[in-house]
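Here is a note for a colleague who is opening this model for the first time. The points below are meant to be read with the structure in view.

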Amino acid sequence: MSTPRKIIIDTDPGQDDAVAILLALACPDELEVLGITCVAGNVPLALTQKNARIVCELAGKPEVRVFAGCDAPLKRKLVTAEHVHGKTGLDGPVLPDPVMQLESQHAVDFIIETLRAEPSGTVTLCPLGPLTNVAKAFDQAPDIAARVQEIVLMGGGYFEGGNITPTAEFNIYVDPDAAKIVFEAGAPIVVMPLDVTHKALVTKPRNDAFRALGTPVGLAVAEMTDFFERFDKEKYGSSGAPLHDPCVTAYLLKPELFTGRHINVEIETVSELTLGMTVADWWRVTERKPNATFIGDVDADGFFALLTERLARL
Ligand code: BDR
Ligand code: CA
């Protein structure tokens, strides 16, 4: 068996972040979670770092290292999404407060130190929230971008438009300046935009399958996805809510479930109207250099089968 791929999960939990983390922690033979770095996003940092620890304990993995990072975007005021995720960010299940400690090191320093300490090209970054921590790390340590194996992130949208403004997806909108730095850093990037995550819908039978696992994790995931269902189903008029962030983890485990195009993606940071838009040259109508693999499709049944089967291991 090959050695597990080393990853750092950068996150703002968030119920869908929680499921993405649980999926990674369920697969230690394939993924080695070097650390979980938290950022302000769905809810303020004090809650995201606490939620990350709640999730590690739910997974039975209190030994995972959790770091707190930036509490605000690089240049702008923080925008949060309690209207989607609830007051705590993890509304839905009732979960105990964490006992495990938060690491004292700043998340940005951990990212820099880890990328310098591990052999070049062996660490993958998995951002599931605003890109503030990653951008700050690249800014403070310009040598590390070239050492990244891959960045697999949830963010953006093109054909689906936006979910926080008509043209912007939440993660990119919250810190467009950070997103610009990351997309221009030169590291290989795979993007899970709304175009694909809106095809990963938690329908009733899929939610029932989580519940039927009969484990604390299965029940918590069913209750978490139930919670943001209420908001999203009404918003999109769809048969279930999109499960955004777990697409990142699923891609690491089974990339063959996904298809996309290697294209140029630029981030809008100036226009008030389209701030945070991911301008994706899907049709390759410019000469701009491709800098990201922009995913467009997923085998949704395969994705939920993988998720349910792996969550059963926790
Ligand atoms: C993204 O924004 C957050 O609300 C979710 O956790 C996900 O990362 C979807 O736009
Ligand atoms: Ca998120």
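1. Buried here means under 20% relative accessible area, exposed means over 50%, and partly exposed lies in between, computed with a 1.4 Å probe on protein chains only. Helices (H or I, at least four residues) and strands (E, at least two) are DSSP runs, numbered from the N terminus. Contact, as used in this note, means heavy atoms within 4.5 Å.

2. Before going further, please keep in mind that this is a predicted model, in which local features need pLDDT of at least 70 and side-chain atom pairs count only at pLDDT 80 or more, whereas totals for chains, interfaces and linings use all residues. Residues are numbered from 1 along each chain as its sequence is written, chains are lettered from A and ligands numbered from 1 in the order in which they are written, and side-chain values use heavy atoms, with hydrogens and water left out.

3. To return to α7 (residues 176-183), six of its eight residues are buried, so this helix is largely enclosed by the rest of the structure. The buried residues are P176, D177, A178, A179, V182 and F183. Helix α11 is mostly covered, with eight of its eight residues buried; these are P246, C247, V248, T249, A250, Y251, L252 and L253.

4. Because D17 lies in helix α1 and D245 in the loop between β8 (241-242) and α11 (246-253), the pair ties together parts that are 228 residues apart in sequence. D17 counts as buried at 0% relative accessibility, and D245 counts as buried at 2%.

5. How do helices α1 and α12 pack? Helix α1 (residues 15-25) and helix α12 (residues 300-311) pack at an angle of about 65 degrees, with their axes 9 Å apart; the axes are lines fitted to C-alpha atoms, for helices over the stretch in contact, and angles run from 0 to 180 degrees between N-to-C directions. On the α1 side V19, L22 and L23 take part, and they meet L307, R310 and L311 in α12. By class, this contact has five nonpolar, no polar and one charged residues.

6. The largest nonpolar core has 68 residues, and those with the most contacts inside it are I9, I36, M192, F258, F303 and L307. Such a core is a set of buried Ala, Val, Leu, Ile, Met, Phe, Trp, Tyr and Cys residues joined through side-chain atoms within 4.5 Å. Helix α1 gives the most to this core, with eight residues. A second, separate core of 38 residues includes L115, V123, I144 and A145.

7. F303 is found in helix α12 and is buried, with a relative accessible area of 0%. Not counting residues up to four places away in sequence, F303 touches A200, L243, P246, C247, A250, L257, F258 and V298. F303 and L257 are 46 residues apart in sequence and 6.8 Å apart in space, C-alpha to C-alpha.

8. Two partly exposed residues may be examined next. L314 sits in the segment after α12, has a relative accessible area of 23%, and touches, among others, L22, L25 and A26; the C-alpha atoms of L314 and L22, 292 residues apart along the chain, are separated by 8.2 Å. Y158 lies in the loop between β5 and α6, has a relative accessible area of 30%, and touches D195, M277, T278, A280 and F294, not counting residues up to four places away in sequence.

9. Finally, there are two points of backbone geometry to check. A cis peptide bond joins P13 and G14, with omega about -5 degrees, and G14 is placed in the loop between β1 (5-11) and α1. R284 has a positive phi of about 50 degrees although it is not a glycine, and its place is in the loop between β11 (278-280) and β12.

Key: Nonpolar A, V, L, I, M, F, W, Y, C, P; charged D, E, K, R; others polar.
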